[in-house]
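Dear colleague,

Please find the structure below. A short account of the findings follows it.

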Amino acid sequence: MTDDAQPTPGIDPSWVDEVLLAGPADQVALVFETPVTRADLRRLISAKQSVLAAAGLGRGGSVALCLAPSLAFVTNLLAAWRLGARAALLDHRLTAFEVDNALQRLAPQVVVTAKHVTGGPLRGFVEIEERVATYPGRPADTAHALIQLSSGSTGPSKVIARTAANLVEEVERYVKIGAGVPQGGERIVSLASMVHVLGLVGGLLYGLHAGVQFVVPARMTADGILSTVAADPAPTTLLGVPFHIELLSSVQHPMKLPQLTGMTTGGELVRAEVYGGFVDRYGIRLGNMYGMTEVGVIATDLFGEHRPSLTPAPGLTVREEAGELLVSLPASPYLGLVDPARWADGWLHTKDAGSVDAATGRVRIHGRRDSQVSVGGLKVDLTEVEHTLAALPGVASAVVTFDKAIEAYVMLRDGATSAQVQERLAERLAGFKRPRVLKVVEQLPRTATGKLVRDRAALLAAAADAAPAIPAAISAVIPGQRAGQDVTDGATDPVAPAPVKEGNR
């Protein structure tokens, strides 16, 4: 199977059976509420194919799925691909306004949404009765099998397209990585969203291909996750993002789990103190994975042997150019975007600052290039400021942004005050690096993948109940402060109320 730059009548659907659904009929492929064998899965997918075909979906068609994590999501996606259609994935947590905007951009012919959902907000998966409806869209005009919207952590989402061949290549990269990747007969307990690349390819598609059970916890709480691991003696790997590591680290005395062999995390780099605390508490390996929606997995360090450096995945080349990491990619992954600043001449510009060791080829990520700012002519890395702030006693989580000055948004632990945070930060960072504005919020907005949102409008919305700012020199002697108040070294900075919206990068 090869990528084809020219539009085709459709996507060859044979890859679904050959790469994903092949295997013994009685082998358990998925576990939601109950185990689903490969025979069950093939039967369910065939039934969904009939429903989608009745709505007019066929080879070369286009469908948008807006479904929560569920067996319905899996079967509708694989049914669409088995029909030879292109599937666009929309996060179920988007507002109706956001979904409508996305549908106008993507123009599918068929839309699958939830007519009825059974399950609560902390559920890892739900039971869904689908609504399949036609939409005044158009057939797929490219040979891409998958459309995703980037996650929205730094601004408006991009339309990212991947061919079936590209997805298969990523699945094969996981196979070639080998050690640290779950093997046939083992389990992946996935905490990562199936709408996004880590949970979709690294979890679901790889698991189907390799004969690894793909398991989703019934409840996305620490106890729910650990109980899911304990439910089966097979060797088990957790797949998630740093948010899940912090969640599991909150368990003071976790149960003995001899089957838990390790955890692999994608997304943001795990802070050193969080990494150490998790490994000490659970006694397992904690691996790191670097990837992008546009490419999938790019580099890994699955045993923490080279932290914070990672080894490029087989078949990919990573190089450094002017402090930015570039990844080899034969074709542009974007639809409706021809921007040489993102892709040109077979290279994807990651927009991540990093370096490549000439001797070992290992990659080190230094943060987003847009995290480098100038303060009074001095360069400041906002990632350094954010990590330093988040590591302070009393700080549960933090985001640092820049808008003419460095701003910080923090969630405090019980008993902590913003005055204490300012005092401790002054001991660790030079004055020109320290935030001029510090806003204490109840919750920091996150994307569907658990990444902290760095879009300033969303952050201001999270701090919408802020009181007038207090000069830093005065706040340092104030014994306590409620969530929502600001600490600045300048004039007042009232924030007008605004609705909080979850970003979708």
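Where is the place of Lys-404? Lys-404 sits in the loop between strand 23 (395-402) and strand 24 (406-412); strands (E, at least two residues) and helices (H or I, at least four) are DSSP runs, numbered from the N terminus. This is a predicted model, in which local features need pLDDT of at least 70 and side-chain atom pairs count only at pLDDT 80 or more, while totals for chains, interfaces and linings use all residues. Residues are numbered from 1 along each chain as its sequence is written, and side-chain values use heavy atoms, with hydrogens and water left out.

Lys-404 has a positive phi near 70°, although it is a residue other than glycine. Lys-404 is exposed, at 80% relative accessibility (exposed means over 50% relative accessible area, buried under 20%, partly exposed in between, with a 1.4 Å probe and protein chains only). Ala-107 also has a positive phi, near 50°, but Ala-107 is buried, with a relative accessible area of 7%. Its loop runs between helix 4 (96-106) and strand 5 (110-118).

The peptide bond from Arg-307 to Pro-308 is cis, with omega near 5°. Pro-308 belongs to the loop between strand 14 (296-301) and strand 15 (309-312).

Two arginines lie over ring faces: Arg-285 over Phe-303, at 5.4 Å from the ring centre, and Arg-319 over Trp-347, at 4.3 Å. A charge sits over a ring if NZ of Lys or CZ of Arg is within 6 Å of the ring centre and within 35 degrees of the ring normal.

Yours sincerely
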